[in-house]
Structures are given as C-alpha cells and as structure tokens.
Protein chains: 2
Amino acid sequence: MEWYIGMDLGGTKCAAGIVDAEGRLLARDSIRTGAHRPAREILDDMADQAIRLAATLGADRARLRGIGIGSPGTPDNHQGVVLYSSNLPFRADTAIREALSERTGLPVHLENDAACAALAEARVGAARGVANAVTLTLGTGVGCGMVLGDRIYHGFNNAAGEFGHTVLVPGGEPCPCGRRGCFEQYASATALIRETRRAMARRPASLLHRFARDEGKVSARTAFQAMRAGDDAASEVVSDYIRMLSEGVTNLVNILMPAVLLVGGGVSNEGDSLLAPVRDYVEEHAYYGENVPHTKIALAALGNEAGIIGAALMAAESDAG
Amino acid sequence: MEWYIGMDLGGTKCAAGIVDAEGRLLARDSIRTGAHRPAREILDDMADQAIRLAATLGADRARLRGIGIGSPGTPDNHQGVVLYSSNLPFRADTAIREALSERTGLPVHLENDAACAALAEARVGAARGVANAVTLTLGTGVGCGMVLGDRIYHGFNNAAGEFGHTVLVPGGEPCPCGRRGCFEQYASATALIRETRRAMARRPASLLHRFARDEGKVSARTAFQAMRAGDDAASEVVSDYIRMLSEGVTNLVNILMPAVLLVGGGVSNEGDSLLAPVRDYVEEHAYYGENVPHTKIALAALGNEAGIIGAALMAAESDAG
C-alpha cells in the first residue's frame with residue numbers, strides 16, 4: 001500500500017501524520033507553528049517534521065508518495081502557494097510547495113483545511129462513500145468543507161466554503177469580515193461563549209456561574225452543562241444558539257442538498273444535546289417536496305484527525321490523477 | 001450537426017424549441033400546460049408539440065438525437081419522473097420519460113428548469129466557458145441554477161438550488177415554504193411589488209401611484225420608474241430591495257465562489273440600475289482575501305430562451321455520456 005503525509009497547518013500548530021491510501025493514521029507529530037516568524041522558518045520546521053515522520057518508517061519510507069497540506073485561508077494548489085491567510089505569514093509569492101518538495105523529495109499538494117476535513121469524512125468518516133457531503137466545523141470560527149460530485153469543491157478561486165460568512169441577521173452582530181450578522185457570529189463556539197457571558201451578566205443567580213467557576217473559565221460547554229442541571233438562563237442560551245445553528249444548517253441543506261451534512265468542531269462534543277434538536281428543525285423546515293429523499297444530519301466522526309487524514313487523502317487522489 | 005428538442009415546462013406554458021449542439025435555437029413552439037388536467041393529457045400535448053417541432057425539420061428530423069425537459073420542482077432523471085412539483089399534476093410514478101419517448105422515438109432527459117437555465121448561460125450565455133457559474137432568476141419566485149465543476153449540480157436528491165428558501169431574516173416575512181424571512185420574500189419580483197404596494201399605502205403623494213396608474217398595475221418596474229423620476233418613497237423601496245438582494249448574492253458568492261454569478265428574470269430588465277449597486281456591494285463585502293480573484297457579477301444573457309436552450313444542451317451532454 002502507498003503512504004502519504006498529511007499536514008494540518010494552523011495558526012497555532014501544525015499537526016501531521018502518516019496516512020495510508022485507505023485513510024488509516026499510522027503515526028503523528030505536532031509542532032508549534034510560530035506564526036509570528038518569517039515564512040521561511042515555518043517551512044523549514046514543516047519540512048523537518050515531514051522528514052522526521054518519514055524516518056519513522058525506516059526502509060518503508062520508499063512507499064511514501066506525497067505530502068498533502070491543509071491550510072487555512074486560500075491555498076492555490078496550481079501555483080503551490082497560499083494566496084491569502086489571515087493567520088499565517090505566507091504571501092502570494094511564498095513558494096510553499098517548492099520549499100517542501102525540495103527538502104523532502106516528495107510531491108506536495110495544497111488544499112483548504114476545511115475542505116480536507118470534509119474529504120476525510122466523505123472517504124473514511126461519517127459520510128463514507130457519499131458523493132455530496134458537507135462538513136460544518138463549530139469552533140473559534142465556523143468552517144465549511146464541501147465534497148460535491150465526489151470531489152472537493154473549492155470554487156474558481158479556491159476561496160469557496162465561507163458559509164460562516166453568510167449573513168443570517170442583516171444589521172446583527174458585527175463580524176471581523178466587515179459585515180454584520182454573519183452565521184459565524186451565532187453558530188461558532190466563540191458566539192456561544194459570548195452569549196453565555198451575556199446571560200451571566202444578566203442573571204447573577206444562574207448556575208452558569210457555578211459551572212464557569214468549576215471549569216475556571218466560560219467555555220462552549222458551560223451553557224450545555226448548566227442547562228442539563230436545569231438552569232433556565234442556560235436553557236435560553238442553548239435554545240437560541242441551536243435555533244440559529246439550525247436556521248443556517250437548513251439554509252445550507254436547501255442550497256446544496258448533500259446526502260450527508262456533518263457537524264464537527266468543539267461544540268459538537270455535546271453530541272445529541274446539540275444534534276437532535278438541529279436534526280428535528282431541519283427535518284421540519286428544509287425544502288423537501290414529497291417523495292424527495294432527505295439529507296442525513298450527523299456528527300462528524302474523525303475529530304481532530306480529520307484535517308491530517310483529509311490532507312493525505314487529497315494528496316493520494318491528486319497523485320492518482 | 002446534431003439537433004435536440006429542449007422543453008421548458010412550467011405551470012402555465014410549455015415552451016419548446018429545436019436547438020443545435022452549439023446552443024442555437026432554430027425553431028420555437030409554445031403551448032398552454034393546462035396544469036389542472038390529468039398528467040396523461042399534458043404529456044400527450046407535450047409529445048404532440050415535440051412531434052410538431054420535429055416535423056418542421058422535414059427529412060432532417062433524422063438528425064434529432066434527443067429531448068431535454070426542464071421541469072419545475074424535483075425531476076429525477078434516473079427514474080424518468082418528476083418526484084415533486086408544486087405546480088404540475090405529475091406524481092412520483094408518472095412515467096414522463098416513458099410516455100414521451102414512446103410517442104417520439106427519442107431518448108428523453110429530465111432536469112430542473114433553473115439548472116437548465118444555468119447550464120445554457122454557462123455554455124453559450126453570459127458565463128460561457130466557465131466551469132463554476134450560478135444563475136439567480138428574480139421572478140415570481142427566486143430560481144437558482146448551479147453549474148459546478150463544469151456540470152449541473154443538483155444535489156443527491158435532485159432538489160438542490162433552493163437558494164430562494166434560505167432565511168435571511170429570522171422571524172421575517174412569512175414564506176409559503178413554512179419558514180419566515182426567506183431570501184425569496186425580499187428578492188423576488190413578488191416581494192418588490194409587495195413593498196411597492198406598502199410604500200404606496202404609506203405615501204399617497206408618491207409618484208409610485210402615477211406610474212402604477214399608467215401601467216394599469218403595480219409591477220416590478222413601478223418602483224424603479226418612480227425612482228428614476230426622483231421619487232423618495234420609490235428610492236427607499238428600491239434601495240431596501242437592492243440591499244437585501246445584495247446580502248443574498250454576497251452570501252452565495254461566499255459559499256460557492258463561482259467564477260460568474262448571473263442575475264436574470266423579470267427584475268433584471270432594470271439592467272444597470274439593478275446590477276451596478278449589487279456589484280458594488282458584493283465587491284465591498286464578499287469574503288475575498290488579498291490576491292484572491294473576485295467573482296464576476298453580471299446580467300444573464302439568454303432571457304426566456306435559457307430554459308429551452310439549457311434543456312436541449314443537457315440532453316446533448318447526457319447523450320455524449
């Protein structure tokens with residue numbers, strides 16, 4: 001079997017691993033990105049990381065066929081660069097592919113990180129075998145990766161999938177993207193934490209305070225925990241969050257009608273407390289005519305490994321043609 | 001050259017034509033659908049229409065290779081039926097393909113009407129030669145056809161493209177789909193007429209009344225005409241309409257990043273009065289990073305013929321494999 005290196009590059013760390021052509025993760029490595037440093041240093045560290053991973057294979061390293069990099073922002077695989085990223089110091093003329101390929105002797109492929117995660121889920125995760133699958137990631141922001149017609153969809157400019165930046169509430173919460181009322185401002189973990197804090201300020205007697213104190217901070221779990229303990233203020237926060245998430249998911253279903261739509265990221269750790277009401281809402285409100293099959297709404301299966309696995313599989317598929 | 005029959009089926013009429021493999025419309029025919037009648041009668045009339053068109057070719061009718069039907073609702077080409085349509089009496093077991101194919105002796109292909117229009121624009125219209133193109137149609141409702149990766153995208157259940165039924169204003173205007181605040185309730189010609197009427201009720205002195213009287217009705221043009229004559233109330237109606245349309249278009253751009261996004265349908269007859277401000281808004285607000293190419297926003301070029309041409313080209317491409 002052939003092996004690939006998948007690299008899930010982020011502003012904080014670069015998680016990488018060796019993945020076989022069937023999507024099994026065989027070895028892992030993680031380094032700090034150090035995004036404040038010059039691009040050259042980051043690329044050197046990534047090359048070292050790839051070489052270190054390759055070395056763990058001993059003589060088998062000859063079976064390594066390529067490297068896939070999942071990057072935030074807008075990677076351009078054709079040019080071998082990241083055209084734009086808000087949290088990496090790469091510029092449109094930083095020759096990422098060239099740098100890594102030279103040091104490792106392997107072909108290098110670049111793709112958006114959310115798209116890689118969606119590919120992993122569509123190949124070996126919760127949307128296994130499905131030609132049209134979308135994965136939403138609810139974390140600091142909202143990621144959206146799309147596999148359409150059995151391939152990663154990234155738009156003509158590699159910048160597709162910014163579903164987090166679709167306005168759901170004109171004139172609503174301000175968003176760093178410059179618009180107001182973006183989906184991300186209601187459906188991200190960051191948004192949930194913001195609303196939890198607001199509820200705490202309004203409701204000093206709420207159990208939210210206790211759970212936040214116990215955890216040492218307000219997190220995306222705080223409202224869910226207090227809700228399960230019967231707290232009204234927490235129930236309101238969760239219910240408002242789920243309502244907006246559901247509106248967004250229903251919108252995405254109506255546009256793309258994927259066979260499977262997956263929800264991942266930190267907030268998805270709440271499991272059925274989160275998913276069941278979203279699924280019910282979509283079932284009731286999506287634009288399905290009679291006789292028309294419904295999109296399956298489920299939890300993403302691969303967690304933090306989706307990015308590595310997807311980057312490797314993307315390289316494998318590019319390799320295959 | 002090979003020829004195809006394209007049929008643009010609607011609740012009111014079925015417009016059909018002979019189209020060559022390069023998308024040229026050579027002959028046209030239009031009949032009333034009579035959607036209140038049994039499916040069998042409608043299919044008989046459509047078969048007669050196809051046979052009548054074929055007859056105009058004389059001996060050349062041997063060069064006809066197939067029939068493409070663009071239907072509202074959710075056609076399923078695999079089964080040769082329309083799974084669901086709110087304005088046609090077809091049921092999931094109405095064998096449309098079989099009926100037409102038997103009578104005409106030609107292979108029959110079914111596709112959604114908005115998808116056909118988008119295909120026509122992507123092949124021979126304003127998005128000619130583009131692999132990722134979206135066409136929005138602003139009429140009674142809002143249609144959305146998508147050509148992604150150089151092929152019609154219709155989702156796993158053939159029901160994709162309901163961008164009109166994405167909520168833009170939670171709790172907003174009620175929509176027949178059951179949700180509130182759908183894009184269609186702000187961006188369709190119907191919505192524009194509703195807001196024009198509301199402004200007329202509020203502003204008895206507005207020029208809107210004069211233009212409506214001259215035309216004999218309130219139409220999607222009324223507000224644009226009165227605005228160009230300097231009327232304040234009309235300017236507000238148009239400006240609110242364009243703002244919501246622009247928010248929706250920007251959302252769609254951020255999700256799909258098509259090379260070209262076209263605006264067609266009745267309201268698009270306003271040309272640059274409509275398009276220029278939408279384009280400006282998208283340019284300013286879409287989620288383009290530095291160095292990333294921008295989606296081109298333009299008017300659809302094929303007008304009412306897009307449906308016929310696209311249905312025929314769809315048949316031609318299905319024919320080719």
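**Chatting through chains A and B**

Me: Hi! How many residues does the contact take from chain B and from chain A?

Reply: Hello! In this predicted model, chain B puts 44 residues into the contact and chain A also puts in 44 residues.

Me: Nice. Which element of chain B gives the most to the side that touches chain A?

Reply: That would be helix 8 of chain B, with five residues. Helix 8 spans 232–256, and strand 6 (81–84) of chain B likewise supplies at least two residues to that side.

Me: And what is the make-up of that side of chain B by class?

Reply: The side of chain B that touches chain A has 24 nonpolar residues, 15 polar ones and five charged ones.

Me: Switching topic: what order do the strands take in the open sheet of chain B?

Reply: The five strands of that open sheet run 3-2-1-4-7, and the pairing is mixed. Strand 3 (25–32) and strand 7 (108–112) of chain B are the edge strands, each pairing on one side only. From one strand to the next, the twist averages 20 degrees.

Me: Which strands does helix 10 of chain B lie across?

Reply: Helix 10 (residues 306–319) lies across strands 1, 2 (13–20), 3, 4 and 7 of chain B, at about 130 degrees to strand 1 of chain B.

Me: What about helix 3 of chain B?

Reply: Helix 3 (residues 113–124) of chain B lies across strands 1, 4 and 7 of chain B, running at about 95 degrees to strand 7 of chain B.

How values were computed. Residues are numbered from 1 along each chain as its sequence is written. Chains are lettered from A and ligands numbered from 1 in the order in which they are written. This is a predicted model: local features need pLDDT of at least 70, side-chain atom pairs count only at pLDDT 80 or more; totals for chains, interfaces and linings use all residues. Two strands pair if DSSP finds at least two bridges between them. Helices (H or I, at least four residues) and strands (E, at least two) are DSSP runs, numbered from the N terminus. Axes are lines fitted to C-alpha atoms, for helices over the stretch in contact, and angles run from 0 to 180 degrees between N-to-C directions. Two residues are in contact if their C-beta atoms, placed from the backbone, lie within 7 Å. Ala, Val, Leu, Ile, Met, Phe, Trp, Tyr, Cys and Pro count as nonpolar, Asp, Glu, Lys and Arg as charged, and the others, Gly among them, as polar.
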